[in-house]
Amino acid sequence: MPENIAFEIQQILPDVILCFFGVFILLAGPFVGKAKQSSLGILGLAGIVAASLATANLVGNDGTYFTGMIIVDHFSIFFRFTFLLISGLTILSSLDYLRRQNINLSEYHSLILFATVGMNLMAASNELIMVFLGLETLSISSYILLGVKRTDPKSNESALKYFLLGSFSSAFLLYGIALAYGATKTTNLELIAKHILSGSADMRLVYIAMGLMFVGFGFKVATAPFHVWTPDVYEGAPTPVTAFMSVGPKAAGFAIFFRVFLVAFPTTYEKWLVLAWASAVLTMTLGNVVAIVQNNIKRMLAYSSIAHAGYILVAFVSGRDDGVAAVLFYTLAYALMNIGAFTIVALISRENEQKISIDDYSGIGFKQPLLAGSLSLFLLSLAGIPLTAGFAGKFFIFRAAIESHFIWLAVVGVINSVVSVYYYLRIIVIMYMKELPEDYVPVSISPGVAVVLWLATFGILQLGIYPDFVISLAQGSVLNHH
Amino acid sequence: MENSLLTIVTFLPLAGAVLLLTLPKDNFKLIRVLALVIATTTFLLSLFLFFYFDVLTPRMQFEQLATWIPSLGANYHVGIDGISLFLVLLTTFLTPITVLSSFNSVDRHAKEYFICMLLLETGMLGVFVALDLFLFYVFWEVMLVPMYFLIGVWGGERRIYAAVKFFLYTMAGSVLMLVAIIALYFFNGGTTFDFSTILSNLQTGRLTLTATEQSWLFLAFFVAFAIKVPLFPLHTWLPDAHVEAPTAGSVILAGVLLKMGTYGMVRFCLPLFPEATLEWAPWVNLLAIIGIIYGALVAMVQPDIKKLVAYSSVSHLGFVVLGIFCFNQQGIEGAIYQMLNHGISTGALFLIVGMIYDRRHTRLIEEFGGLATPLPVFSTFFMVVTLSSMGLPLLNGFVGEFLILLGAFKANVTYTVLAASGIILSAVYMLWMYQRVVFGKVKHERNKVLPDLSLREKLILVPITLLIIWMGVYSQSFLRKMDSSVNELLRSFQSTAVVFKK
């Protein structure tokens, strides 16, 4: 039926729009002069705004489409908005960066849009094949984005490393999908659950499939012990891409992580619980402890992002609706503070990213009050100090853990956040309590960066002081599962 | 007005800080005067709380309740009773004094300095007025940030070490309290963080905690508070933070911040977990007594006046904890009184140390001697404060210590004997220090030409001295307002305790 197809397409309209803009930017690239490259970024932003409107239009269309491949529910819509916000902020903070680093690739903005399509499809997939397609769309876009500084060996290293390990983890995931299919004769998440519940599935295969998928997802979201690629990849990548990588693919990875495990394997909960909490403890602790000794700020934030993946796993362990809501809230909060922090890192790093040591922040606190003030807020939020989004997020996560009687895990979590305070404070110490070098040249804040910083600041305070609106939305966006 | 008075008092400094933020950086005079005006206005407004306080009711007064995060059950709920009233007043009283004391001693980034001071005031007031556990925790933690900056940016040589240590120590204690708060919230059905509701559920038996649960919750709360107090052996952050903080920071730290710990014990530990409190009381008292004696002994041998005062805090706060864990009216009222005394006397001592530091840029006792000759006015104020800190009758310190010992005597004679030795030791270290600094011949030539107190410095010390005498001579005007709240606290505590003993 024609109108039926039109209705189905409407359910992926945001992705269609993003693809359209992405292709258009690619085509327009050669006709736009070097000086006007940023207009392509503006075009990308327009695409994101249009996609947001189309996403808002999805509300109320709950159901599965395209023969069960795509699902529209509040969970996916919430994540879609988070992804669009992440991409919008990334493009905004990239405009200035690309100009200063002399990177004139029109593909940059289209790749961000394509990666967003990948993430959107991951969140909206109801089907293991769709999960894989979304994941690959995202991954292939990010392989190129990481290597976008073609003449910089570190950027090349970053891209190659992520490519190799990414392919490897995709293989794990794919193998897991194959086994799940073998055990249940379907790749539809709800049908898998049905087969498992009715006892018609070969449980040995299911367990192996779950283990393999756990490894595959673990790679994507960088949980220990599958985190080893993270510091090198984050360090070598262009900083706005690092910002994007640390929040976007991570959030998308968790979105399918949650959907696949909670929807498809609900009753086998107990079996993978040990795996999940062990990984949570290891991820938090390792990330935080190793971050302490880092002197390169990008590496430090890389380890911090590992630690944050650990906190999200704590919510995963709790397995409750409150845990899912906490994760929805947390990924949004984390996106704001991490993109904010990396935007400032990109700014301070100057040409060719030379200044990425922590000591390069000496004394800028009173010299550049807005920059240092907002970075301090982002760091305090990452550390989980009250009245910031980071605190509210952690609060919801630990609350979910305690609700599920994982009090000890919450204790491990809060002790970890004390450890993390040490290295976040270290940057604040250096900014405000060390002397400014005499040859310091202030950096100027471009309008795009200013918008990112104001949005992030506003968002962090809004989520921190009055989280009710977003947490209510998140609580209404939990997964339907058994 | 009456309903929102407490809110206005709490948030006026915050509004002032925002106002300061908009001022140009280089207009130093305007900034400091404005900061003083804001802090003084806050104090004057808080006097209404004192005068309109109803002494007869044990209930919370000036209460205000508004929903904040309904999906969580966290409310904006503030109010004060006879226990918190004076801590609020202590905060609003000390802040303008510390602002005034920093008029000339802040040499850089003055705007940010005064912003931190005002933010700190809002944070501290929030801790004392919050009646919602979530709100309480928020204030408790947020307050760390401005204090951390005060120590770290405007402090002494080892300021960074001290600031980070202060932050990490306090945070380590309080995150466990957060876990306990959430756990308590779920025991109570997971619908509200409201302290009064949880408390009344506990007292009416709608919420019962097993002995193990109580013990764990008590410990999580208690350790957070004990670090703040600080109770031996968790005190090691204190000498560092006190010594490295700028004068105003030390005054606030000693005067108000430490009281947040003892306040927390009275407000939360006793009523929420009475059985666990009783069970752990002998250990707490043991640590308190060790703290009293250890603090005094270590204070005695300090070459640095500021460090001496810092260690004396460990000793004095040991008395407060001892008073609280006697569980009788004299003990607890004495403890609250002693919190105020310590805030005023030790605050004044730090101000005085700051004054001679401004003149000589050293705090070592051996660098002074015979200051009475060049600085007679200074030495007089110094003497009154020293005597008050030692607990001389007719000055404030005596009333508090006496009540605590009276309470302790009722509970356990051995405690009293041991604790009383702390008073003797305090006389030793305070008088010995005073003698070495003020009496005798002027040892160093440079000290002969030091200027005596300026008008500003007198303005700082006169109100404190008056208060010291008033609180020593007519303590009834303060104690009267505590009576019904403390009675009520003890009544509900003892009714549970009796059940427990059976």
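Chain A of this predicted model is built from 20 helices and two strands. Laid along the principal axes, its C-alpha atoms fill a box of roughly 75 × 55 × 40 Å. Burial stands at 61% of the 482 residues of chain A. As for how the chain folds back on itself, take the contacts between residues at least 6 apart in sequence: 80% of these join residues at least 24 apart.

One helix that deserves a look is α13 of chain A, running over residues 297-318. Its 22 residues reach 32 Å from the first C-alpha to the last, close to the 32 Å expected at 1.5 Å a residue. The helix is mostly covered, too, with 22 of 22 residues buried in α13(A). Just past the end of α13(A) sits A:G319, which takes a positive phi of about 60°.

Turning to the partner chain, 27 residues of chain A are in contact with 27 residues of chain B. By residue type, the side of chain A that touches chain B splits into 21 nonpolar, three polar and three charged residues.

Notes:
Residues numbered from 1 in each chain as written. Chains lettered and ligands numbered in written order. Predicted model: local features only at pLDDT ≥ 70, side-chain atom pairs only at ≥ 80, totals over all residues. Contact = placed C-beta atoms within 7 Å. Nonpolar A, V, L, I, M, F, W, Y, C, P; charged D, E, K, R; others polar. Helix = DSSP H or I, 4+ residues; strand = E, 2+ residues; numbered from the N terminus. Buried ≥ 20, exposed ≤ 12 C-beta atoms within 10 Å, placed from the backbone. Expected span 1.5 Å × (residues − 1).
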